[in-house]
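Open the model in your viewer and keep the selection panel at hand. Each stop below says what to pick and what is there.

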Amino acid sequence: MVSIQSIPSNPSSLTHVDLQWIINHREDRCTLCGKCTSVCPKESIYLAYRRQRMPKLDIQKNRRGSEYRVFTGVRQRTQPANRCIGCGMCAQVCPNEAIAPAPNANDPRVKLLSNDKGEAWKRGGRRNVRESLLDRIMFNRISMLTDPALDAGRHEFQLNTLLGRVLPPDEYLRRKASGEWIPPVREIFPFVIGSMSFGALSPNMWLGLLQGVAYCNEVLGIPVVMATGEGGCPPWVLRSPYLKYIILQIASGYFGWDEIIRAIPEMQCDPAAIEIKYGQGAKPGDGGLLMWFKVSKLIARLRGVPEGVDLPSPPVHQTLYSIEESVMKMIQSLSMAWGFRVPVYPKISGSTSAKSVLNNLVRNPYASALLIDGVDGGTGAAYNVSMDATGHPIASNLRECYLDLVAQGRQNEIPLFAAGGVGKNGNVTQNGLGLIMLGASGVHIGKYIMQSASGCLGSERNRCNVCNIGICPKGITSQNPKLYRRLDPDKVAERVAETFMAIRTEMRKVLAPLGRSQSLPIGMSDAIGIDDPAAAERLKIKYIC
Amino acid sequence: MSGKKQDAITVKGIDNSGQRISSKDFEELVQAAAQDSNNLVLEAYGQHNVGGRLMPDKGPYSLRLTGPAGQRLGCMGQPGTKIVCEGPASDDVGYLNIGADIMVLGDATNGVCNAMAQGRVMIKGSIGARGLTMTKWNPDYVRPELWVLGSVGDTFAEFNCGGIGVVCGIEAKNPDNVLGYRPCVGTVGGWVYYRGKTDDSYSRTNVKEIVPDDEQWQWLMDRMPEFLESIDRMDLLETLSVRDEWKILMAITPQERALMFSGPMPMAEFRTKVWDKAFGGDPLRDLAPGLDRSPIGLIESGELRRRRPYWANHESAAPCTFYCPVHIPTIDRLRLIREGKLDDAYELILQHTPLPGSVCGAVCPNLCMENCSRQGVDSSIDVAMLGRSVKDIAAPETAKPTGNRVAIIGGGPGGMNAAWQLAQAGIEAHIFEKDDKLGGKLAQVIPWERLPQATWQAEIDRFMNMPNIKVHFGVTMDKEIFDELKKDYDYVIVAVGTHEPRRIPFPGNEKVIAALDFLKSAKSDKPPKVGKQVVIIGAGNVGCDVACEAYKLGAESVVLVDIQKPLAFGNEKAAAEGLGATFRWPVMTKEVNDEGLVTAEGDLIPAQTVIISIGDVPALKFLSETVEVITVGGAGWVKTNEAGLTSDEKVYAVGDVERPGLATNALGSGKKAADSIISSIRGEEWKPFEKKLIDQKTLTLEHYCPEPTVGDSPEAEADRCLSCGKCKDCHLCETICPTGAISRREVPSDFGYEYIADDNKCIACGFCRDTCPCGIWMLQPFE
């Protein structure tokens, strides 16, 4: 029996200095308004009463005694279930700047104890590694009177890319003349909003993104497309003119496809493309799991499943056993669904085996592209070890694949798309164009758009990163209306528009000094360099110092 | 001017040998000629940078250019210079011009007026690309002007910073687009009058299209004749004076630009005019009809809270109530004292036990206080003192007799409390006691040092005077009587305790006195004699009592031996040790002889008296077969359910016959059995004590300050009580609530009041929970 007086200690006892985030609270500024404790998503903080003994000792008058002072403060709980995640919502609502979390500079022991009941550390978000090789790629073939002097602000740039199989000119002309089938190709903005499902994302987030994408296309003239992720697409969206901006994803869980197939006869337009997901960079070889508490009535209807059940997407497609079979079966079936008018491409995790997949696609007449997702990609939920240590960085993986195509002389035929860590530290255009010059036809961005468009608080310092438990304080990844209604879809859309306008400007700022305005510099690797000899050698680009 | 010839000097661009003179030499010739005349005719042959550097203090100069003009005609032209180019001109006419008037009586190619800051350029034809680019305007001077009779090429007026352009659209090179493709990119100042068709590709973020206002129109009309005269096209004056045909591209100010949304259409407008229309309503209307997705804030009240407070008053048990086997609600008693209801407080405890002074106040180790929350502040409530204060208080009122009768075999604490409870309920309780006094072992063996005789006597008297209780002394139970009792009474409660001492058959065991017998006789009128050296086998609390009695009866040294670490604790152990008793363990007894106790190792512990104190077992021979007995450790114990009911539905068993325990355990099981009987007589369902122990972490102890001395009266203790789980009516929640959501209201309930949180004000901050000293407010999930 542990009495009220005893202070128990067990192997997993933690104090606030063991936690990753330490709440700094200033009693002298606090107005006790209750907003911080009200907003805290983890119930990490509470109003604490503290008693302080103040001895009153007067040896000369031979008087002694103690008085007590009781004071209040907002304190953090130390049990792992309520650990502070550093989201900073408390600071956001505090009227007096009296409270904020700060990263613990010591080695927080909580990491060692995040395996309660034998359940290994699981979380959402991103890889907790802050460095990015892509940030080190610089554009250094500057046109100094040697090439057309381009002005990013003044000149017009052709910044779009092609998604779809581009036939060699002679073949194209032959087929054109003989009236044969010509593979569908879409002209799109090379920064694509990567797959995030309606389910992983809240309705307000998902629709906000789509609204922003529609605005980019219809008002700004930036042909942005977004991928749905697995989990389907709302029926009214499928029947809307905005479907053309959507890449529908099919993955191992096959969620939501009943509604998609049901809607085909009533579609006003074709989707931008179909993405077949075989793997995800953040957690290669690991499936997805939409936890039961995120399977709201809405999500259940959308995915065609019962409400409140766990929805596993297995790590692999259950009926596919080889590359040949996968490519044959799925690409063909999905191409056929829209009369071979829609590009269909697979998405795989970055892997040393990516080239095998690519070579298979090259031989497949219906394959439209290959998307490779590197280890720095994000996810709604995964084991920490999958996120942090499993996978392949995108740069060398993409580069190898591209150079392989070059060796075959097919680099202009089947576009490669790259993802995973684009904009990890905010340098979205630098990272994206770096990958494009390494050989990508475009990039997918997920975490970046969440941060930029909806104020996602997650970071590589393990800030927030609780997408997996449905308590997203910004309402991005929650299915709880009390949380997701915090997100105004109009504002998300506005930020999407602003983000893509800014990317467009930055692209020009990079491309103008390079003297490129008429086509995207795909594979223009002579324009880039890196200050790391080993990376330079591996990527076959210039070493600069 | 004086000394200069007014006659024109002609400078030739070709030398006598027919060679073109370099731009450098030509410039030197022009400068030299300008020393002599202000009127020059330049027969140029493609020389560049002609017409500049003619200083105004020597001017004005009039230059007439014949022959093919080179690039940058009028480059860095000065005020007071007038250049007329009789034919077409090449690139960059008026480059960096700061004041010259330059007339080109033909077309000009690209870059007209590039970086010009002042002066005028007038073109009789059309111009190429990038006219009026980088054009400046220094506010101390007059704005630069570019007049074009025809049209302009692409990318006109880029980065124009203040120049005025006039494009008349007469005989335009491209009549469908007099301003060229994408004019005014980067324009930050100035404006362009134009007349004629365009492709509307002007930079929307830099200029806006307006119609000339009166002042602007006047400006144009004031200057138009001079332009037309200069290029000798006065015939067009009427044509160019139709106000409706003119428009202006006016630079947008930074302030205006800042007001524009970063895109050309506000998002709200896009949603209502484009997005919603495309869907014909909410895009989720089929999946989730009526789903409200409208934006909310971070701090919300009412239905939008994720948690809500709940006043869980009296829903969990205080540690005192929980751990007491009788579940005496000490916190309620203290609350009544705080409220000044002393009589009610006394009655409350006497409703639970007939022996508060003797048990709570004396022999009980007070399990209730082992986890008293007050220990988190200083020390527990002194419940023993509270118990003693009740010894002289009258018994509670009894209910009207029901006519039911219950026989209770054994008048120990278990039997007594069963009778006490039944009596209060109006049920006649008949106690059949073998001894000639009540109290069982409490009376028979507990030394008077630990159970003050006065207290005991007062409580026995109170018990004996209780209506509905009849005590039959000297009844030795056997099967016949037992069966008769079963027949005659509604229920029989077996409460005979354990009165068969355990023994161990080692050699000489017949020399060993049983502790039970020893203590009984020690407490009798004829106490036994003991040797100077005493060994007690079995070092539990009873062994300690034996040791104390042995000292009292003349022993000089007492050794308690045990085969394991002694189990003695608390007052008993302290008392024995205080008198000098020592403990030895592990000791296995080999034999007892006249010398003393011989251990298994062969050591002799000298003793004249050896007493064995390894427990007692029940004597149950009188029970009928219907009462199931289970054998544990060589002795039989009555098997009972939670209420104390045996396998015979008329027979209950309470106290040590179920399992050995403390006096308070016996009191508790007696009450439970009685309550169960009362319930079944009343036809009610009996429920065991079900309340969960309060989580002491929910209490806010910091509201209390440690006190140097604990209370010495019931009133002082009442003030110290934290009232775990029961509202103290302190109003702290009401006070701390930042939104004023909590209030107190009177309601008809046991408490008479309740605290409630107004949903429309509450933001679920949890301050009520965090502040409540009693751990009552909690925050519940609110889906």
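This is a predicted model: local features need pLDDT of at least 70, side-chain atom pairs count only at pLDDT 80 or more; totals for chains, interfaces and linings use all residues.

**Stop 1: chain A.** Select the whole chain. Its C-alpha trace spans about 110 × 60 × 40 Å along the principal axes. Colour by secondary structure: chain A has 16 helices and 21 strands. Of its 545 residues, 53% count as buried. Among contacts with a separation of 6 or more, 75% join residues 24 or more positions apart.

**Stop 2: helix H12 of chain A.** Select residues 428–438 of chain A. Eleven of the eleven residues are buried, so the helix is largely enclosed by the rest of the structure. The buried set includes A:Val428, A:Gln430, A:Asn431 and A:Met437. Step on to A:Gly439, which follows H12(A) and has a positive phi, near 135°.

**Stop 3: the contact.** Show both chains. Chain A brings 53 residues to the contact and chain B brings 47. On the chain B side, pick helix H4 (267–279) and helix H21 (767–771), the elements that give two or more residues. H4(B) gives the most, with eight residues. That side of chain B divides into 26 nonpolar, 13 polar and eight charged residues.

**Stop 4: domains of chain B.** Colour by the domain assignment, which includes domain 1 (106–259), domain 2 (262–286) and domain 3 (316–392 + 692–781). How far apart are the C-alpha centres of domain 1 and domain 3 of chain B? They lie 89 Å apart.

Note on methods:
Residues are numbered from 1 along each chain as its sequence is written. Chains are lettered from A and ligands numbered from 1 in the order in which they are written. Domain bounds come from an automatic or database domain assignment. Two residues are in contact if their C-beta atoms, placed from the backbone, lie within 7 Å. Helices (H or I, at least four residues) and strands (E, at least two) are DSSP runs, numbered from the N terminus. Ala, Val, Leu, Ile, Met, Phe, Trp, Tyr, Cys and Pro count as nonpolar, Asp, Glu, Lys and Arg as charged, and the others, Gly among them, as polar. A residue is buried if 20 or more other C-beta atoms lie within 10 Å of its own, exposed if 12 or fewer, and partly exposed in between; C-beta atoms are placed from the backbone.
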